Amino acid sequence: MGSGTGNFLKVILKNFDVLAGPVVSLAYPLYASIRAIETKSHVDDHQWLTYWVLYSMITLFELTFAKVLEWVPIWSYAKLVLTCWLVIPYFSGAAYVYEHFLRPLFVNPQQTINIWYVPRKKDTLGKPDDILTAAEKYIEENGTEAFEKLINRADKSRSGNTYGIFEENYRY
């Protein structure tokens, strides 16, 4: 009986991440989410909605980089530690990640760094390509009325032109 118990403990310790992972990442959050639904407090709803968003992102990351993660021997343990940090209310990891990383992306997208943006070259007349950004910045600095006056002034200066605003952009 003693050697059977020793082997059982070795199997549990060897596969701790496989056994603890679903409990920490699914079973407890599922239980806590159901409890959160049943309370009137919105604080716990926020915690668990945030957790499920982050859990989904981790899962998508794993699915996308599965072949690479096979070569990282500590990935399952790192994921377990990260999940514990996200789940355990003492740490409030899910709330921290949401407030510092995800929320800024959705609340103020223009203030975050866009890693996909590659500025285009100026055209032959030297005009910047991003006219909308320039207009938004002008409105932000000077107000809507000042922008409308600027547009009216531009329209008046072109009024003698039969082609209007499109002539300068008309090319073969």
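Helices, numbered from the N terminus, are DSSP runs of at least four residues, and strands are runs of at least two. The model shown in these views is predicted.

View 1. An unreviewed UniProt entry carries the annotation "transmembrane region" for residues 18-37, 49-68 and 74-98. Residues 74-98 are 76% helix and 0% strand, with end C-alpha atoms 25 Å apart. For residues 18-37 the figures are 100% helix and 0% strand, and the end C-alpha atoms are separated by 28 Å.

View 2. Ser92 is not a glycine, yet its phi is positive, at about 50°. The relative accessible area of Ser92 is 31%, which means that it counts as partly exposed.

**View 3. Aromatic pairs.** The whole structure holds 10 aromatic pairs. One of them is the tilted pair of Phe61 and Trp75, with 5.8 Å centre to centre and 50° between the planes. Because Phe61 belongs to helix 3 (residues 43-64) and Trp75 to helix 5, this pair ties together parts 14 residues apart in sequence. Phe61 is partly exposed, at 37% relative accessibility. Tyr90 and Phe91 form an edge-to-face pair, 5.2 Å centre to centre with 80° between the planes. Tyr90 is exposed at 73% relative accessibility, whereas Phe91 is partly exposed with a relative accessible area of 44%.

**View 4. An aromatic cluster.** Tyr28, Trp48, Tyr51, Trp52 and Tyr55 are linked into a cluster by ring pairs.

Note on methods: Residues are numbered from 1 along each chain as its sequence is written. This is a predicted model: local features need pLDDT of at least 70, side-chain atom pairs count only at pLDDT 80 or more; totals for chains, interfaces and linings use all residues. Side-chain values use heavy atoms; hydrogens and water are left out. UniProt positions are given in the numbering used here, feature names are shortened, and annotations may be inferred rather than shown by experiment. Buried means under 20% relative accessible area, exposed over 50%, partly exposed in between (1.4 Å probe, protein chains only). Rings of Phe, Tyr and Trp (its six-membered ring) pair if their centres lie within 6.5 Å; planes under 30 degrees apart count as stacked, over 60 as edge-to-face and the rest as tilted.
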